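Have the sequence and the model open side by side.

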Amino acid sequence: MAVCGGLGFALLAMLPLGPAALAQPGSTIALPEPQGQTLLLQSVDRADYGPLAEQFLTQANLAYCGVASMVMVLNSLAVPAPAAAGYGSYRFWTQENVFEPAATRAVLSPEIVARQGMTLQELGALLTSHGVQARAIHGDRLSLAQFRLLVRSNLNEPGDRLLVNYLRPSLGQAGGGHISPLAAYHAATDRVLILDVARYRYPSVWVPLADLWQAIRTTDSSSGRSRGVVVVRRI
């Protein structure tokens, strides 16, 4: 169970750093730090970064990491949305109206999510209820090489998104299960960028892909199955 802007690049672009200067193995690198910005500049696999950054949200409560991630994905893929309360006729997904469709509430109600979060399969089912293609893949079904290939191919393609359900302590963070979108991959250091929706707690971070792979292979006690990823594509 997961309970839970554009920055100036010009000067950084003039200071290319080799992988050894960027990070120590096993460490995380916050995106706002100079090293984090350099990794983003050097990343080739970052087609999802711009659309997701434009829609970046802070989860509305401690258990809404999956909800905020879902809303970011739906908005970044321009999935047709209902009107947003307080915005007149403007239509976009929010952490409130994402539960309006009857098909969505049939999967999970917002009250249940606020109390206990959601599992990987529930995340996939909630996204599917909005008419997108969502494929949940448990982490224990992916080898490290398969996970790397999935991450790179997804982040090279602007028409899909990749959400990860992982255990924070596996990345050296406090907390339990969490959900957030991936936004970029840096090949030279084999790191992936997590846009962490718990922005009140942690910044977006570059983490070693191997560490994230281990984090998605941990067992979710609520489902009895491993955590994992959800691949989302607009139909």
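Which strands does helix H10 (residues 209–216) lie across? Helix H10 lies across E3, E4, E5, E6 and E9, and runs at about 70° to E3. Axes here are lines fitted to C-alpha atoms, for helices over the stretch in contact, with angles from 0 to 180 degrees between N-to-C directions; contact means heavy atoms within 4.5 Å.

Some housekeeping: this is a predicted model, where local features need pLDDT of at least 70, side-chain atom pairs count only at pLDDT 80 or more, and totals for chains, interfaces and linings use all residues. Numbering starts from 1 along each chain as its sequence is written, and side-chain values use heavy atoms, leaving out hydrogens and water.

Now the sheet. Helices (H or I, at least four residues) and strands (E, at least two) are DSSP runs, numbered from the N terminus, and two strands pair if DSSP finds at least two bridges between them. The sheet is open, with 7 strands in the order E1-E6-E5-E4-E3-E9-E2 and antiparallel pairing. E1 and E2 are the edge strands with a single partner each, so one side of each has no neighbour in the sheet. Helix H9 (residues 144–156) packs on this sheet too, touching E2, E3, E4, E5 and E9, and its direction makes about 70° with that of E4.

Here are some of the antiparallel pairings:

| Strand pair | Bridges | Residues standing opposite |
|---|---|---|
| E1 and E6 | 2 bridges | Ile-29 and Trp-206 |
| E5 and E6 | 4 bridges | Leu-193 and Trp-206 |
| E2 and E9 | 7 bridges | Ala-136 and Val-230 |

Strand E6 (residues 205–208) is covered on both faces: Val-205 and Val-207 on one side, Trp-206 and Pro-208 on the other, are all buried. Buried means under 20% relative accessible area, exposed over 50%, partly exposed in between (1.4 Å probe, protein chains only).

On to the cores, each a set of buried Ala, Val, Leu, Ile, Met, Phe, Trp, Tyr and Cys residues joined through side-chain atoms within 4.5 Å. The largest nonpolar core has 43 residues, and Leu-127 and Leu-193 touch the most other members. H5 gives the largest share of this core, 8 residues. Beyond its neighbours within four places in sequence, Leu-193 is in contact with residues including Leu-31, Leu-40, Tyr-49 and Trp-206. Another core of 23 residues lies apart from that one, and among its members are Val-151, Val-207, Leu-209 and Trp-213.
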